[in-house]
Amino acid sequence: MTPFDVVDWRRQVFALYAAVRAVADPAAGHETWRRERDRLFAEHPASPLLPDRRAGFEGLNVAPYDPAWRFEVEVRPAEPVPWDVQTGTDGVVPFVRAGTVTLPGVGDLDVWRLASYGGGLFVPLRDAGCGRPGGGYGGGRYLLDTVKGADLGGDGDRLVLDLNFAYAPSCAHDPAWACPLAPVGNTVATVVRVGELQA
């Protein structure tokens, strides 16, 4: 994979989320998201799938869309605590808490701001099903990562957080990738049965 492959991957992910935001029906947007991610994972040179997993790849394990897991929430102010993520490849990646959100029936989550070049918002999630059969990736999943284009929209300090779009970070597929995993403030006791799940 070349740096240009990674750039093209990012372009396509940004375009994918723009297409999802443009669809009025979230379930139809979810189908577009699932189909195009499967295509990227199967065909793109920057896919995080290891070569032995690409052979016979039939798609990621994504649960059917359930509108009960879609939230439009206000980001409430919170103490701007730092969170420094030590990675094996990128050194320390600094985040600062930008606020918190409440997802009814799920719990509270911290919203993080990337405190280095590029900025952006980041919301990881580790629910009680992560790491268990039929649950999400053990280290958690991502709901929002605006630096990489994973953004379902919002208005001012309100965000769309749709757990049907929760996805495993690249390190779930290839350990060579360095991924920030959900800290305590992004861990909930609820089992989230939607989004990308382990096979």
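Strand 1 (residues 70-74) and strand 8 (residues 158-162) run antiparallel to each other and pair over five bridges; two strands count as paired if DSSP finds at least two bridges between them. Strands here (E, at least two residues) and helices (H or I, at least four) are DSSP runs, numbered from the N terminus. Within that pairing, Glu72 sits opposite Val160 in strand 8. Buried means under 20% relative accessible area, exposed means over 50%, and partly exposed is in between, using a 1.4 Å probe and protein chains only.

A quick word on what you're looking at. This is a predicted model, where local features need pLDDT of at least 70 and side-chain atom pairs count only at pLDDT 80 or more, while totals for chains, interfaces and linings use all residues. Residues are numbered from 1 along each chain as its sequence is written, and side-chain values use heavy atoms, with hydrogens and water left out.

Side chains of opposite charge can pair when their charged atoms come close. A salt bridge here is a side-chain nitrogen of Lys or Arg within 4 Å of a carboxyl oxygen of Asp or Glu, and the whole structure has nine of them. One links Asp38 to Arg34, at 3.1 Å from N to O; both residues lie in helix 2, four residues apart, or about one turn of the helix. Asp38 is buried, with a relative accessible area of 12%, whereas Arg34 is partly exposed at 25%.

Glu36 has a salt bridge with Arg35, with 3.8 Å between the closest N and O atoms, and another with Arg39, where that distance is 2.8 Å. Arg39 and Glu36 are both in helix 2, three residues apart, again about one turn. Glu36 is partly exposed at 22% relative accessibility, and so are Arg35 at 41% and Arg39 at 31%. Salt bridges that share partners also join Glu31, Arg34 and Asp38 into one network.

That leaves the pockets. On a 1 Å grid over the protein atoms alone, a pocket is an open set of points with protein on both sides within 12 Å along at least five of seven lines, and lining residues have an atom within 4 Å of a point. Grid points are joined across faces, edges and corners, and a volume is the space filled by probe spheres set on the points.

The largest pocket has a volume of about 850 Å³. Its lining is made up of 38 residues, with Arg10, Asp145, Lys148, Ser170 and Trp177 nearest the centre. Among the elements giving two or more residues to this lining are helix 2 (26-43) and strand 3 (91-103), but helix 1 provides the largest share, six residues. By type, the lining splits into 27 nonpolar, six polar and five charged residues. Here Ala, Val, Leu, Ile, Met, Phe, Trp, Tyr, Cys and Pro count as nonpolar, Asp, Glu, Lys and Arg as charged, and the others, Gly among them, as polar.

The second largest pocket holds about 260 Å³ of space. It is lined by 13 residues, and Arg53, His173, Leu197, Gln198 and Ala199 lie nearest its centre.

Definitions and conventions:
1 Å grid on protein atoms, 1.4 Å probe; cavity = no way out; pocket = protein on both sides within 12 Å on 5 of 7 lines; lining within 4 Å.
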